[in-house]
Amino acid sequence: MIPRPSDRVVKRGSFLYDGPVRCRVEIVQTDFRPGVEDDEAPEDDAYGEFYEVRFSSPGSTTHGAGGGWCDSLSEAIRVVESKVRDIQWEIEED
């Protein structure tokens, strides 16, 4: 997803992938959540406060693989911690 000007990283960390390989993850506070992967269905989009999980691929510095949107930061943290091994958070939530 293309970053919006109001997007703000609220939590960042790294996790183990395939043995010793570390990958990055970010949780981004955003004011938009797309409803479906279809530009022709804007009625499914939502506006408000959401938290998007963004995973990076091994060796990548960009965050491409999406982990979905959550309604709270604590929910987003639980999603990450349930999907990856050995998460190490770098910044604390506000």
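In the protein chain, which elements have the lowest and the highest confidence? Confidence is given as pLDDT, the predictor's score for each residue on a scale from 0 to 100. The mean is lowest in strand β4 (residues 63–70), at 78, and highest in helix α1 (residues 73–83), at 95. Over the protein chain the average pLDDT is 83, and 79% of the residues score at least 70. Helices (H or I, at least four residues) and strands (E, at least two) are DSSP runs numbered from the N terminus.

The model is a predicted one, in which local features need pLDDT of at least 70 and side-chain atom pairs count only at pLDDT 80 or more, while totals for chains, interfaces and linings use all residues. Residues are numbered from 1 along each chain as its sequence is written, and side-chain values use heavy atoms, with hydrogens and water left out.

The largest nonpolar core has 15 residues. A nonpolar core is a set of buried Ala, Val, Leu, Ile, Met, Phe, Trp, Tyr and Cys residues joined through side-chain atoms within 4.5 Å. Buried means under 20% relative accessible area, exposed means over 50%, and partly exposed lies in between (1.4 Å probe, protein chains only). At least two residues of this core come from each of β1, β2, β3 and α1, and α1 gives the most, with 5 residues. The residues with the most contacts inside the core are I27, V53, F55 and V80. Leaving out residues up to four places away in sequence, I27 touches R8, V9, V10, K11, Y51, E52, V53, L73, A76, I77, V80 and W89; contact here means heavy atoms within 4.5 Å.

A pair of aromatic rings is described by the distance of the centres and the angle of the planes. Rings of Phe, Tyr and Trp (its six-membered ring) pair if their centres lie within 6.5 Å; planes under 30 degrees apart count as stacked, over 60 as edge-to-face, and the rest as tilted. By these cut-offs the structure holds 2 aromatic pairs. The rings of F15 and F55 have centres 5.7 Å apart and planes at 85 degrees, so this pair is edge-to-face. Because F15 lies in strand β1 (residues 8–17) and F55 in strand β3 (residues 46–56), the pair ties together parts that are 40 residues apart in sequence. F15 is buried, at 6% relative accessibility, and F55 is buried at 11%.

The rings of F32 and Y47 have centres 5.2 Å apart, with planes at 50 degrees, so the pair is tilted. F32 belongs to strand β2 (residues 21–33) and Y47 to strand β3, so this pair ties together parts that are 15 residues apart in sequence. F32 is buried, with a relative accessible area of 10%, whereas Y47 is exposed at 61%.

T30 is found in strand β2 and is buried, with a relative accessible area of 4%. A polar contact of 2.7 Å joins the side chains of T30 and D7. A polar contact is a pair of N or O atoms within 3.5 Å; within protein, one must be able to donate a hydrogen and the other to accept it, and residues adjacent in sequence count only if both atoms are side-chain atoms. A polar atom of the T30 side chain also lies 3.5 Å from the backbone nitrogen of F32. Beyond its neighbours within four places in sequence, T30 is in contact with R4, D7, G48, E49, F50 and W69. W69 lies in strand β4 and is partly exposed, at 27%. Between W69 and T30 the C-alpha to C-alpha distance is 9.3 Å, with 39 residues of separation in sequence.

S14, in strand β1, is buried at 9% relative accessible area. Its side chain makes a polar contact of 3.0 Å with the side chain of R22. Among the residues that S14 touches are C23 and D86. C23 is buried, with a relative accessible area of 2%, and C70 is buried at 3%. The count of disulfides (pairs of cysteine sulfur atoms within 2.5 Å) is 0.

D86 lies in strand β5 (residues 85–89) and is partly exposed, at 40%. D86 has a positive phi of about 50 degrees although it is not a glycine. D18, also not a glycine, has a positive phi of about 55 degrees. D18 sits in the loop between β1 and β2 and is exposed, at 63% relative accessibility.
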